[in-house]
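Visitor: Could you walk me through how aromatic contacts and burial are read in a model like this one?
Guide: Let us take them in turn, with the structure in view.

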Amino acid sequence: MDLSRPAKRRCQSKDVESEASTLSPVVIFAHGAGAPSSSDWMQRWKNMLKEALHAVDVVTFDYPYMSGKKRAPPKAEKLVEFHSNIVKETATTYPGHPVVLAGKSMGSRVGCMVASMEDINVSAVVCLGYPLKGINGAVRDETLLQLSIPTMFVQGSKDGLCPLEKLEATRKKMKAPNDLHVIDGGDHSFKIGKKHLQASNSSQDEAENAAVQAIAAFISRSLEG
């Protein structure tokens with residue numbers, strides 16, 4: 001019996017798996033409640049993420065409500081299906097590439113909901129300014145506690161929608177591996193006041209670059225693991 005051919009196929013299969021594990025990630029980047037994917041903030045972070053993560057692509061999109069007159073966002077749960085379809089389409093377009101979900105504020109919360117779906121396969125989640133507190137001030141941690149995939153938080157230390165002590169308490173309860181990078185003096189959109197920048201002898205660009213490098217290191221560790 002000739003076993004050489006099956007052995008060769010097994011070897012080729014391992015080579016394919018090895019190649020797939022080293023492919024660049026594709027990032028799906030969701031906007032926040034108030035500004036579309038074309039906003040300056042989203043475009044700047046899209047470019048930074050693409051470069052730092054060596055991403056094959058950073059896919060952005062607008063939730064349907066953005067085309068309405070009032071542009072008032074619905075409840076996050078009502079955006080999950082649309083968001084998940086974007087993820088599925090992107091995974092089909094880039095087969096074998098690890099999928100990373102990134103989001104600004106509301107977009108990160110919806111992304112976490114999508115990542116917990118049974119028919120969605122993603123490698124990591126990046127939350128830029130996660131809105132942990134709801135309008136009524138209550139902590140909204142249910143979505144985060146359901147996650148099982150590596151999750152990276154980037155938060156401004158002066159972000160009123162996500163007090164760091166409450167996020168720390170939530171992180172301790174999470175079953176998903178997670179990490180946090182704090183932008184000192186940053187608000188919900190990471191904007192740092194001039195006085196704080198002068199006192200720390202730093203710049204907005206330096207602070208954001210440090211955050212992106214922390215994200216890249218986290219994603220690299222997550223994909224290797």
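Visitor: Does Y63 count as buried or exposed, and why?
Guide: Buried means under 20% relative accessible area, exposed over 50%, and partly exposed in between, with a 1.4 Å probe and protein chains only. Y63 has 1% relative accessibility and therefore counts as buried, whereas F82, at 31%, counts as partly exposed. This is a predicted model, in which local features need pLDDT of at least 70 and side-chain atom pairs count only at pLDDT 80 or more, while totals for chains, interfaces and linings use all residues. Residues are numbered from 1 along each chain as its sequence is written, and side-chain values use heavy atoms, leaving out hydrogens and water.

Visitor: How many aromatic pairs does the structure hold?
Guide: Rings of Phe, Tyr and Trp (its six-membered ring) pair if their centres lie within 6.5 Å, and planes under 30 degrees apart count as stacked, over 60 as edge-to-face and the rest as tilted. The structure holds eight such pairs, among them the stacked pair of Y63 and Y65, with 6.4 Å centre to centre and 10 degrees between the planes. Both Y63 and Y65 are buried. Y63 also forms a tilted pair with F82, at 6.5 Å centre to centre and 55 degrees between the planes.

Visitor: Which residues form one aromatic cluster?
Guide: The cluster is made up of F61, Y63, Y65 and F82.

Visitor: What lies over the face of W41?
Guide: A charge sits over a ring if NZ of Lys or CZ of Arg is within 6 Å of the ring centre and within 35 degrees of the ring normal; here K104 lies over W41, at 5.3 Å from the ring centre.
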